[in-house]
Each structure stands twice: as C-alpha cells, then as structure tokens.
Amino acid sequence: MALLVKKANAMLPSIRKQRGPRLQLTLGLLRVVAFAFGLGVTLPTLAQTVSGTSLDITGQSTLQGDVVMCSGSPWIDVRCNGATGDGNHDDTAAINTSIATAITNGRPVHFSPGTYKVTSQITVDYAGQAGSGLRLISEGAVIDGRTIVSGPVLQIQCGGGTTGSPTGCFYFKEEGTLFVNGDTASYVVVFGKPDFSDAHNSAKIDHLIVNNASTAAGAGGCQFNYVLDSDLYAVCVSSGGAAGLAFEQIQFSRISGAGTAEGTGGRGVVLENGYNFSNTFFALDLEVSPTCLSITFNHNGLNSFVSPYFDCTTAVNATASVGNVLINPNYGGNTVNYGPLSTGISVIGTGSRANWVFPAAASYVAEPVDDGLSVSNYNTPVPLMTVTLPAIASLNVGWSMGFASDNGKGMTINTTSGSIVSGGKAVGSIVLGAGNYEYVRLQSDGNNFRIVSSTRNTRLANGFEPPPCPSNWQYPTSSGYQAVLGDNGNILSSYNSPAGLTVTLPSTGGLPDGWSMGFATDNNKSLTIQVASTSGGRIVWPGSGGSQTLLTMANTAQGAYEFVVLQYDGSGLFRVVNTTPATEQAIGMIGAAGISHWSFPAVSSYAATAADNGNVVSSLNSPAPYLAVTLPSTTSLAMGWTIGIATDGNKTAAVQVNPTAGGRILFQAAAQPSARLHSPVQITSFSFCNMTAAIFASSKRPLRQPPYWESAAVHQVSTAGAFRPSVPIWLRRATAETRSRATTPPPTR
C-alpha cells in the first residue's frame, strides 16, 4: 500500500502538466480515488487537475470541495479562464474572455459562487447570438466593481445597430441570483444602449441585486433601455441622486423588485425618455428616496402599478404622464406628499390611504393622485375652505373626487382649466353652503368636470337644477341680511328682526340664472330688498322701468304676511316672479287693478301717492264734514294704478287731480254718451258711497261710481293723460242702506 501511495503522489506533477480536455478535481475527489484503490491515505489540500478522456469511479464516492467543469458543456465557467472569485484577484480579463467564448460557441456563461473583483467594465455583447440569446447563470456570485469610478460595472448590449435601425435581439436570460456592486458616478448595471440602437425582446432577469455606494448626482442602480415583452426582477439601490431603477423605452413588460436612490433629487423608480407604455409593475418596494415614483416624459403612459409600496417623502411626482394607474397603493409612515405633481395618474382603490381626508388648513390643492378621495372641510380653521382642482389636461378621463361641507363651514371649489358642468350650465367655481353634509362628486371627462352626484341644496344653490318655489324658511334676528349664492331657494322673513329687515341681494357676477329667493313680512315688521353696491343689477317688474334698485314690500296693520319671489335672469336683472296683491299694488305693478285694503285718514285733506295702489280712502275719520283727496302726478304712477274713494259718517268726499302733471278724470255724464273731462269730482254726502280711479298708461278712469250718478264707467289713466272709462259698467240705485251693485246694462237707445 505504501508503494501505491508513492505512485499516486508521483502522478501529481505529471497530471498538472497535461493539457487538452480536462477535468479539474479538488483534493476531495482525489481522496475518493485513493479510497477506490484501497490507499486510505490523506492527500494534500491543493486543487489538482486530472487530464484524460474519461475517469471512471466505481463504488460509493464522496466529492469534497469545488468541482469546476471546463469542457464547455453544459456551460463556460469563468474560473476555467483564470477567474478566482476570491475578492482579491482581478478577474476582469478572465470574465470577459469567458463571456466572449460563450457567445462564440453558443454556450451559457457560468459564475460559480464567489466574489469576482473587476477593475474595468464588463461588457456582455450578445449580438453574435441575437437570434438565439445568451444565458448568464449565477450561483449567487458577486461582481465587485467598486474600483470603477465612472461608467457602468456591467453593460449588457447587442451591438451593430443604430438609433434609426436598431439591432433586434432576443432571449437574453440572467438565471439565479447575481450581485453587482459599484461606486460609480453613473448606473452600475446598464441593460441596452442608451441611444436605443439595440432592442431587447423577451428578456428575462431572474434575480439581479445591485448596489451603488457613490453619492454623486448621477449615481444610480440599474438602467434598462429599449426592452420589450420581457420579465424583469431587479433590486437596485444607490446612495446617489439618479434613480434606483431607470426605465427608458420599456414596453409590454412585467417588472417587479425594488428601487432606491438616497441622494438629493433621487428617485426610487423613474420612467423617462422614449416610450414607456403598457407595462405592469408588480409590488414595487420603493423606500428612502426623496421621491418614490417619478414619471417625466409625456409618452410614458398606460402603465399599471399593482400594489406598490411608497415610503418616501414624496410618493409620486409625475410631471408628464398619460393614463397611468395605481392599483391599491400602500403608503408608509415617511410619506408626506402623496403626489404634488401627478399628471395622468389614476388610482383604483386607496390602499392604506384613508378614503376621506380632513385637512386642517384653510385651502386644499387637489392632485391627480387624489383620484377617488373625498375631502371634508370639518377641520378647516376658516368659515369657508377653498379647494383648487387640478388642470384638466393633467388628469386621466374618469378621474373623480368628492367634496363635503361639515361642521357649519362652507367650501368653494375652483377650476384652473375647464369648467364645472351640469344641467346646461358651465361655471368656473361652485360653492357648498355653510352647514352640514352638503356633498358633490366631480369627474373629469377630458375637457370639463362633470357633476356626477350632489345633494339637492348644492344643485339649487349653484343653479344646476331649476329652482322650485323657494321653500326653506329663514328668520334672521338682525336688521340687515346679506344674501349669498347659497340662499338660492331660501325665504327670509322679517319676523325676528328688531324693527324690520333690509336684505341686500348678491352681486350678479357668478350668480347663475334661475337663482331664486323669497321674502315675507311678518309680525308687523317691514321688509326692503336692495341690490348690491357692486355689480348689483336691477330689480324689475311690470311697470317698474329698468332703473329700480330697491323694492319695499307692503306692510299692513293686520300683520302683513306679504310675500314676493325674485329670480335672477342671468342678464343683470332680478325679476319679480310672484307676489301677493298688496305688494303688487304697493310697488305699482301693471295689471294690479284691484282693491285690497282700506284706510281711514284722520285728516280733511289727503294727498294720495303711488303706495295707495289698491287702497280705499274713507272720509269716516276726517275732522271736517268732508275729505279732499288729491291724486298723484301721472308721471309717478304705473299703468294700472288703482284707488278707491268712499264716503262714510255722512261726510262728503272730493277727488281732484294733482296740479303738476295731474291729468284728468274722465267719465260719462248721465245723458251724454260722449266723454267729458272733469276736475274735481264731488261725491255726495251719503254714507257708503264710493268711486274708484285706476291708472292705465297716463289716464285716470273711474272703475265704479256710486248709484247716485245716473251713469258710471271704469276710470283708468290712458296715454292721453286723463282718467278715462275703459269698460263701462251701468249701475242702478239700491237702497240707502246698501252699496250699489252691478246690473245688466240697459238696452241701447
């Protein structure tokens, strides 16, 4: 046996000298050989090379140490060309030689476990296998390029093309886990040429782990250029200010992993340059960087980010983006800004972000990344919170957001472009009235924001729904009230005012047409309506003319209960659309020729005014045996103005026209069918006799005469400036104790 040992030892020098097809065996293998021959000896712990066409080992054998296959099948191992993988020797040349040999022979290149120090760029140019691809197999190997200060440590490319005519390359595959470390001012790993002269199709990155220790502004982790229909998993971290993962013209691919760039301006993931579209990013882990996700090129669109994790100060910063979607995003505790610039971002599911937000600020600027959220003003420190919507061009079609007023506070929502549209109207801003639970949801249609749901009062207040008759009663306790847009549909009563209520209408600027408001006098307290001092418009009704800025409602001693409704017509006019008869007559509305109330002045001489429209003036309380009534100037009266004159208490009454623009009183004499002008007119001193005069244009016409006159006629003011008969009514005398009543006119004579 000793002789066999000596022979085995004598064989070692000759084994080392032999060349050709080789099988490298560690000393562990030689131990097995020795035991197979019954040597039972301990061999030196040095790697040995055995050359020959074959080596047969029979029986149970144990291989100790590494076995390196250098036959070229099934792969080319970098150690076969001199790489040590010990982290100390420079393995650059050995790795480059192995890669070139693998590409030439159409074999995979293999990295056994170890740390391979490199001092210059490792380039994998698989253009020679562009149609069949190249496999790079790593058994957890580390490529350590930290001595390289610029340029990538590992460049994977497919040369021979130009930007205008790129090389089409297929099926590059990195198998297993490969670590690449660098300390360079650029990206550590670059896949594809930055000029887009090579297009990589159906690539597969199995498990790539990259670290860049450089803090330079341009230092990044991994950059992928012009990759299509591929499957990429990479974890790329940099201490610099570029990006952990940079994607340049990536299409139709599936991407997952993690990205971090800790330096100033760093981004976890950036989509920039070229056309990055139709990609799906799965569960990206984006942390520590100032910005997690950045999208900077307007052709970066239609990408889906499924369940990304954002734990950066700024989650999303998309300055140019179209149709990108975040699906159920998850936000970490370091996130401060969800997306101050998030053009073209839609959100499906809010993930860890609350669906309702309650800002404790006076204003809120909505962003595309707020898609699907609802904002309440509950915590705002001001009575009226201001919300600014994103630019319409920055939003994907279908972006939506809800807004609510709570805690007795209002909200104004302003557009920066486009309009808020609904019900045939388009406005630049809307108001949610102060109060609780008002709500509106807006959705982008690509050109404007459509109201897709809202509470009724919000629709009414902003004129998006035709107003009903005002129905919401309010009882101000002050003497003055400033009406606002949100008063649409309200009714103000003077009931609780100290001694009457003065209401100032809103400015017409921004007031929707159809805005309506009601007003009521109660508790014997007056109510006056006036327009605003700035852009106030005018109040109009039949016969008012176009210059009225004030409307005073009738206020009767019986407690009033007068009512009027004003509606804005969109052209600067508040129109009286409904009112009670006494107020119609008080404001001189044309067509209000009716008697509605009585007065008993304690004077012997009474000067009637426009406010006496519809009034009956009685002589009952006159201190003299008569009452003299002077009619107003016709120039101060609206067409249809009406007054009644009555004798009571056996006192006479006389009515005469005003000495200034007074017109005439016109009626038919007993036997004369033709008209005569008279002034004054005397009413006999018999109780309960009465007559009326009404204004029509500028003539006064008796409407009804006492039975003591042999004939009677309606009196109204005509364009001739006289009180004229318009519709003759023949009356016959009744008993002295009763009022006259109309009968059928006598036959024509």
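This is a predicted model: local features need pLDDT of at least 70, side-chain atom pairs count only at pLDDT 80 or more; totals for chains, interfaces and linings use all residues.

Trainee: Okay, what is the phi of Tyr171 near?

Mentor: Phi of Tyr171 is near 70°, which is a positive value in a residue other than glycine.

Trainee: And where is Tyr171 found?

Mentor: Look in the loop between β10 (167-170) and β11 (173-182).

Trainee: Got it. What about the phi of Ala661?

Mentor: Ala661 also isn't glycine, and its phi is positive, near 50°. You'll find Ala661 in the loop between β55 (652-656) and β56 (664-668). With a relative accessible area of 38%, Ala661 is partly exposed.

Trainee: Switching to sheets: what is the order of strands in the open sheet of four?

Mentor: The order is β30-β32-β34-β37, and the pairing is mixed. At the edges sit β30 (363-365) and β37 (429-435), each pairing on one side only. On average, neighbouring strands of this sheet are turned by 15° against each other, ignoring direction.

Trainee: In which sense do β34 and β37 pair, and over how many bridges?

Mentor: Strand β34, residues 409-414, pairs with β37 in the antiparallel sense, over five bridges.

Trainee: Which residue in β37 is the bridge partner of Asn414?

Mentor: That's Ser429.

Trainee: Great, and what do strands of a sheet pair through?

Mentor: Backbone hydrogen bonds, in either a parallel or an antiparallel way.

Technical notes
Residues are numbered from 1 along each chain as its sequence is written. Side-chain values use heavy atoms; hydrogens and water are left out. Helices (H or I, at least four residues) and strands (E, at least two) are DSSP runs, numbered from the N terminus. Buried means under 20% relative accessible area, exposed over 50%, partly exposed in between (1.4 Å probe, protein chains only). Two strands pair if DSSP finds at least two bridges between them. Axes are lines fitted to C-alpha atoms, for helices over the stretch in contact, and angles run from 0 to 180 degrees between N-to-C directions.
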